[in-house]
2 protein chains.
Amino acid sequence: MTDPAQDTVDVERVLAEWGAVTQDAVLSRIPDDRHSAFLYDVMRDYPSRPSKFLRPALCLAACECFGGQVAEALDAAVAIELMHNAFLIHDDIADGSVQRRGRPTLHEAHGIGTALNAGDGLAVLAQKTLRQAVRGLDVGLGARLLDEFDLMSARTIEGQAMELGWAANGLTDVRTEDYLDLVMHKSCWYTTIHPLRIGAIIGSRGAADVEPMIRFGFHLGAAFQIRDDVLNLVGDEGTYGKEIGGDLYEGKRTLMLIHLSEVATGSDRALLDDYLRADRSGRTDSLVAEVMAMMERHGSITFAQAYGDTIADEAHKAFEIAFASAPPSPARDFIEALIPYMLDRNR
Amino acid sequence: MTDPAQDTVDVERVLAEWGAVTQDAVLSRIPDDRHSAFLYDVMRDYPSRPSKFLRPALCLAACECFGGQVAEALDAAVAIELMHNAFLIHDDIADGSVQRRGRPTLHEAHGIGTALNAGDGLAVLAQKTLRQAVRGLDVGLGARLLDEFDLMSARTIEGQAMELGWAANGLTDVRTEDYLDLVMHKSCWYTTIHPLRIGAIIGSRGAADVEPMIRFGFHLGAAFQIRDDVLNLVGDEGTYGKEIGGDLYEGKRTLMLIHLSEVATGSDRALLDDYLRADRSGRTDSLVAEVMAMMERHGSITFAQAYGDTIADEAHKAFEIAFASAPPSPARDFIEALIPYMLDRNR
């Protein structure tokens, strides 16, 4: 990190720097032996692809903010990134996604059984890595970090269940509060809240109050997720890395879809209800195109971006509280600069 | 446990007693809240079905053998049983199995996404439970148990990868050594070796030499797996709980199949090679019936049972070494009585 002033932080560059460190460490953790062809090489696939490394960067930056060294939090950051990749693999299977980070999803390339097992392998390796991370720490502090990891895993799995439940029930009346509740569980805990808390706990040797990280991480993570949902509709496939419109084929409940279902009337409403009640095979190319056209006509995408801006304002306020005791530093500037970055990013 | 003499141990009764204790504890660990419908109720499904509870019983018995109380090892036994159910759910998805413990598999009942996520939920809960189990222990002893859990998880996942690799490659030349190598990884570590080692470590407060448990657990677990493979062909569906012949439809490499591929010649050999190279859709009812008829004609099932008897002899020898320092007790008699039980059982 070289830029001290927050408004000149090159977020992409800092992400790339810390990302490279984390990626090397992640890949070095995965064994290479006679089980490689159907396990360890498969486990290495997603972590080898280009990605943002947002989660480890948040963990490492939070550690620095509260007085720690990057090296102290690296194993924890690696564990977070391993778990992230495990979630991605299993999510892609559940959603029937075809593309991830610009290439075929793992189950498309290797079949469901091998992909599922590689995801399990990454989750096991994440636990092992985390336990090595806490081995040098005070016992009480180590137990706190492991509890944080359990909590994060449980919230993420609950979020996944919420989303699967909505899809299974063909739910047509998802409200904005429900969406935010989902995002809180499924995305924010593991993308922002957990990395921030873990980093702050390690950096401060347990002294930092990490309770306000929940509110900050929620708003930061929600901004991230809203932009992710928007990019899924209007992004450039090469930069974004997933199939554009994939969420619409999956029937994913997004802010755009919620907005549309609040404003659509008449034949638009009827068409939308058909779409919401359909299963994946019923969401044909033409039905998806019609829903997309309705979203544009009713300004649903503009609405979602504007909603994201409101969330970002809240994130700034929450940041000031969560990082009140952290002295000025490049790491602190970086975390603050992530707030606008979340809504501007194209990948 | 009431019968002191080994030859009069009622294995089924002891399993039922300790199984009831473990099952209650497992079910009480799974939350019940607004996430129940698509998560916690789904996680409770397999653990609620009738099963043998072999793994927790081994753990509890080994703990008693080496001087501990059942209560000291109960949380560890619960963690083992939770992880077992997580593996079952993911295996059933990978294998496309339709029945488990006498009812539809979880993905048949709830879809792949919800079943996969419930498996992840059970694995996370297993980790959490295990950590609670070690909280009251000496730090070094606790770390040893957690390392054992990591090792068991890694071996099981490697075993799953081996089996998936064989199926993906349409391997026609699997040898008995390969089969035993697979069984060691995929079944023995988590079914026998790990529960025995964990129980012995807890019961002896870390003093017992658990190295010989590997050899004993391997032979005990191999006997278990060979009988499982045989029951899959000749068992009673109601008692066994899985679809009879399911392994043949999955193309699972079993001792019977290896024996058959060693003795089949001419048109039998050609038919067998067609079967081995086919994918699941190519393994038609008539092809499966022909392979089954060949196994009966060539004595492959008799061969497998006889091989199991040889393995059981080795298990007895290994038992004497592994439990040399354990004084006579009902728990010790129970573990010894499990050796013949493994090959006689019908469920």
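Cavities in this predicted model number 9 at a volume of 30 Å³ or more, where a cavity is a set of points on a 1 Å grid over the protein atoms alone at which a 1.4 Å probe fits but cannot get out, and its lining residues have an atom within 4 Å of a point. Grid points are joined across faces, edges and corners, and a volume is the space filled by probe spheres set on the points. Because the model is predicted, local features need pLDDT of at least 70 and side-chain atom pairs count only at pLDDT 80 or more, while totals for chains, interfaces and linings use all residues. Residues are numbered from 1 along each chain as its sequence is written, chains are lettered from A in the order in which they are written, and side-chain values use heavy atoms, with hydrogens and water left out.

| Cavity | Volume | Lining by class |
|---|---|---|
| Largest cavity | about 270 Å³ | 13 nonpolar, 7 polar and 2 charged residues |
| Second largest cavity | about 120 Å³ | 5 nonpolar, 5 polar and 3 charged residues |

The largest cavity is lined by 22 residues, with Asp120(A), Ala123(A), Asp120(B), Ala123(B) and Val124(B) nearest its centre. At least two lining residues come from each of α4 (70-95), α6 (112-135) and α7 (139-169) of chain A and from each of the helices α4 (70-95), α6 (112-135) and α7 (139-169) of chain B, helices being DSSP runs (H or I, at least four residues) numbered from the N terminus. For the second largest cavity, α6 of chain A and α4, α7 and α8 (176-203) of chain B each supply at least two lining residues.

Turning to the interface, 39 residues of chain A are in contact (heavy atoms within 4.5 Å) with 39 residues of chain B. The area buried between the chains, that is, the accessible area (1.4 Å probe) lost on putting them together and summed over both, is about 3,300 Å², of which carbon and sulfur atoms give 61%. In chain A, Phe38(A), Arg131(A) and Ile157(A) lose the most area to chain B, together 18% of what that side buries.

Between chain A and chain B there are 6 salt bridges, each a side-chain nitrogen of Lys or Arg within 4 Å of a carboxyl oxygen of Asp or Glu; one salt bridge joins the side chains of Arg135(B) and Asp147(A) at 3.2 Å, N to O.

Notes:
1 Å grid on protein atoms, 1.4 Å probe; cavity = no way out; pocket = protein on both sides within 12 Å on 5 of 7 lines; lining within 4 Å. Nonpolar A, V, L, I, M, F, W, Y, C, P; charged D, E, K, R; others polar. Buried area = accessible area lost by both parts, 1.4 Å probe.
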